[in-house]
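Please look over the sequence and the 3D view before reading on.

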Amino acid sequence: SLFPYTTLFRSNIFNLAFITQSVIAAASGDYSMNIPLLIKGIDNYPYRIIKVKGTMPAPHLKTSIDSMLLLPTPLHASITTSFEVTASNYTLPTTISLDVDKVIADDGEEVSPFALSPDTFTFPPSSPHQSSYTQTVELTFGSTRPMSFVTNIRIVDVDSNNCKTIQVYGTAENCLLTNYPFICNNPRFHLVTNEPNFNNQYTTPSTTPSTVSLVSGNASQLGLGQVETPPSTLSIREGAENAFRAYVTPQKPHSQQEAGEESYEMTFMFQVLKCAERWVSQMGWLNTPNPVQIPTSITDTVIIKKDKITNDGSKKSVFELVRGLCGQVIPGIPLNPSIPPNSQEKVKLLHWLMNTTLTFLKVQGAKLNHIKPEWLLSSADFLLWSHLTNYEAGLPLEDERDLLVKHTKYANQAWVDVILQLVKIFVLVRVKRTKMIANNLENYQPSFSAVYSTEERVLLAWMSHHYETQRTLVWDKAPTPRWVVSFDNDLLDSLVLACVLSAYCPFLVAKHFKDMYMNISTPEECFHNALCIIHALRDLGIDYDIQPSDIMQPNPISMLLFVTHLYLSLPHYKPKSKVLFEGALHEVITKEIKIQNPSGKNITYNVSISSDNSTAFTAQPVAINIPAGASRKVKIRFESFWLHPSTAKLLLVSPRNGAGCGNTLVFNLHSHVTDIFPISSTKVESAVYKTHRFNLTVTNPLSAGGVFKIVLIESNGFRQNLKDPRKQSFLSNSQTTIGTYDPLTL
């Protein structure tokens, strides 16, 4: 269109305004135009050319996050998080619709465990003063069925079909090894209830939880609003928790000691990381410890034993870790895969190996859908993989410092979750419900738990049963009754652990448990009780990495792993048979036990005797190495110093020192004095009915002094009632093999 002519005087200013209008996204882009400035009367020759350029921005949707990692949620509980949707440059009112794709539960049924609020809303058109508008959307997730999923939230512009997606990772399961981050953020969430009634609500702590990393997190990815939980039917037990919690100072990470006081969440997650690290270092590998550190050194186990590196046991691969726990090689992956020298080919192969491993574990029941294979790589391999994927997708390369921060944040969480899921599917599954436990489950009525799995509830019932039956037998002044419903507060005074140990090894009571404190009120008393447990474990030869501080400051994951180990180990401490030593007083009796090894590996045993009278029974040798298919004998020597019977326990414990590990063997040793041999004879002559006094020299044959009681036994004559002392030397050389025992089948 033509602009009207106007008259300009000296120093006058003429304002020219341009109005642009676009109602559809297709009209967006860059525009330019030339406007001639004409002098009236000279229309063919413009005085000036005014060039105008402009940009019409395209309307678009933007979200505050691209992906969302939800807290692993117990069954029948729900969590609520929020995100923001922003609409920019829309010239007309725009209606936005949100929907979440359905997911498949473990039982194979397709369900939708999500709720969006609001799920539909309208943005007003943009104006010169405000080009964008933001709406906050709440996502609530809760399920009554176990599941682990990756799904998408679809945000759709109804008018133009402009779509934006957010990837959501989530898990729902009643297993402490899976939903421990939820328990960390909800420490008062009750664990065992009688009926699954979920009508009440529970207010979460005021601090914003983080599930992105164990040590550091991004709170913007997950804001926990409200948590719906079943009403608690349990009152907080008086005793250890109320009396001692105030005295315990949580252990702090070394990197955070100068940063001030850490939150409960940070301390809890750091403890989980360290206990997973300690467990996999000592108990995860086959027959021998292999120290690792998360995430630095454990990522190195992905690449091991290249070409000419010998198998000296100094390095083991993560594939050997899986094989040692499940008893089979991961399909398609050799134990020592050959690694190509080319760095790009190497990182692609490693990514495929870790992806295949995760797939195998998920098929076995592990909840690992939120773990990406690249998170399990070393930092150098992660950088190379990120650059390769961005290059192949035509995206710009990310800054290496940002990538390293991202890898550190996710690698901790990924490795800890992988280790705990390995424990769940290959170790915890060995906890079976016995007849005693089945009856005890009915007695204590834990008919439902939103947090604990069946195996974990079996462990709680197992401890409750032994505590109730043993507390009156171990201590004269028995502690109060207790229903064990947690793996932390109910165990920190060590009384439950003492009852469990005494149920299988009653010979520990007099030596370790009699002097324990029943109602702890100081840190010193709690440390004393914990130290009694540690000393008892050392006497039993139970090779488990636990310290008194682990019991005094109990972490539920750490104590669950420890209790699981006790549940699987202590039944082997039930005596296999009774060995009876019958003979005369001061007679030396020797017997042999033959241990046979039918396996294809060497088995080593440490031999020890637990007895109140350590000098009466001795065993040789103190350690035996049984070759594959061979057998060895253990000699037990007994010499009676008293007329009353002596008892002891013979323990054969197989250490984790690189050889094969056999089952623990325990034998009852009992003595019975059947005859009395005189050490020496003293001849005394005197007249009838006349008192004759004489001195009798008594020699102490023991290594320590003591008070001796002298008893005179009147007899009819030496030859008639006392045995010939020459027979004693003959009987002392007798050896008897009392049986053959297979350590792999007992």
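Predicted model: local features only at pLDDT ≥ 70, side-chain atom pairs only at ≥ 80, totals over all residues.

Helix H5 spans residues 343-363. The sheet is open and is formed by 5 strands.

**Helix H5: length and ends**

- H5 has 21 residues.
- From first C-alpha to last, H5 reaches 30 Å, close to the 30 Å expected at 1.5 Å a residue.
- Asn342 caps the N-terminal end of H5. A side-chain oxygen of Asn342 lies 3.0 Å from the backbone nitrogen of Gln344.
- Gly365 follows H5. The phi of Gly365 is positive, near 115 degrees.

**Helix H5: buried residues**

- Buried residues of H5 include Lys346, Val347, Leu350, His351, Leu353 and Met354.
- Thr356, Thr357, Leu358, Phe360 and Leu361 are also buried.

**The open sheet**

- The strand order is S16-S23-S22-S18-S20, and the pairing is mixed.
- Strand S16 (578-584) and strand S20 (623-626) are the edge strands. Each of them pairs on one side only.
- From one strand to the next, the twist averages 25 degrees.

**The pairing of S16 with S23**

- Strands of a sheet pair through backbone hydrogen bonds, either parallel or antiparallel.
- S16 and S23 (residues 665-675) run parallel.
- These two strands are joined by 7 bridges.
- Val579 has Leu669 in S23 as its bridge partner.

Terms used:
Residues numbered from 1 in each chain as written. Heavy atoms only, no water. Helix = DSSP H or I, 4+ residues; strand = E, 2+ residues; numbered from the N terminus. Expected span 1.5 Å × (residues − 1). Buried < 20%, exposed > 50% of the residue type's maximum accessible area, 1.4 Å probe, protein only. Polar contact = N/O pair within 3.5 Å; in protein donor to acceptor, adjacent residues only side chain to side chain. Pairing = 2+ DSSP bridges. Axes fitted to C-alpha atoms, helices over the stretch in contact; angles between N-to-C directions.
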